Amino acid sequence: MAPLAFVLLAGCGSDEEDIELLTGGGYVCLLVGDAMECQSNGDSYDNGETSPPAPRWESVTHANANLCGFASDHAPYCWGWNESGQTDIPSGLSIDSFFLGYANTCAIDTAGAAPDRRMNS
């Protein structure tokens with residue numbers, strides 16, 4: 001397998017944009033401002049998904065082999081390794097934040113249904 005690589009070209013970001021590198025078991029993502037690009041080794045990370053499910057992002061958090069975040073419209077998404085159901089977001093939740101572990105994902109539900117809910121329980 002060839003190593004994963006990103007090349008930052010002139011004009012890729014401005015001085016005001018944050019650049020963040022997210023790495024985990026088999027993936028690497030580059031978040032520049034609100035745009036993200038991911039690459040995987042095709043193993044446990046992607047389950048067939050090789051790119052983020054939305055084009056623009058407010059925030060992203062990551063764990064061993066999965067990621068969760070809020071798109072620019074604040075819609076919640078999780079993707080990546082899902083062997084334990086950790087990327088399945090239950091309907092009816094108003095998610096405020098995510099907390100990811102090795103094979104689990106927790107979310108804070110601001111709708112009042114529960115103070116927090118483990119997504120893969």
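Two strands pair if DSSP finds at least two bridges between them. Strands themselves are DSSP runs of E spanning at least two residues, numbered from the N terminus. The structure discussed here is a predicted model, in which local features need pLDDT of at least 70 and side-chain atom pairs count only at pLDDT 80 or more, while totals for chains, interfaces and linings use all residues. Residues are numbered from 1 along each chain as its sequence is written, and side-chain values use heavy atoms, with hydrogens and water left out.

Three strands make up an open sheet in the order β1-β2-β3, and their pairing is antiparallel. Because β1 (19-24) and β3 (35-40) stand at the edges with a single partner strand each, one side of each has no neighbour in the sheet. Between β2 (residues 27-32) and β3 there are six bridges. Within this pairing, valine 32 has alanine 35 of β3 as its bridge partner.

The model also contains two disulfides, a disulfide being a pair of cysteine sulfur atoms within 2.5 Å. One of them joins cysteine 29 and cysteine 38, with sulfur atoms 2.0 Å apart. The torsion about the S-S bond of cysteine 29 and cysteine 38 is about 110°, so this disulfide is right-handed.

Cysteine 68 and cysteine 78 are both buried.

Conventions. Helices (H or I, at least four residues) and strands (E, at least two) are DSSP runs, numbered from the N terminus. Buried means under 20% relative accessible area, exposed over 50%, partly exposed in between (1.4 Å probe, protein chains only).
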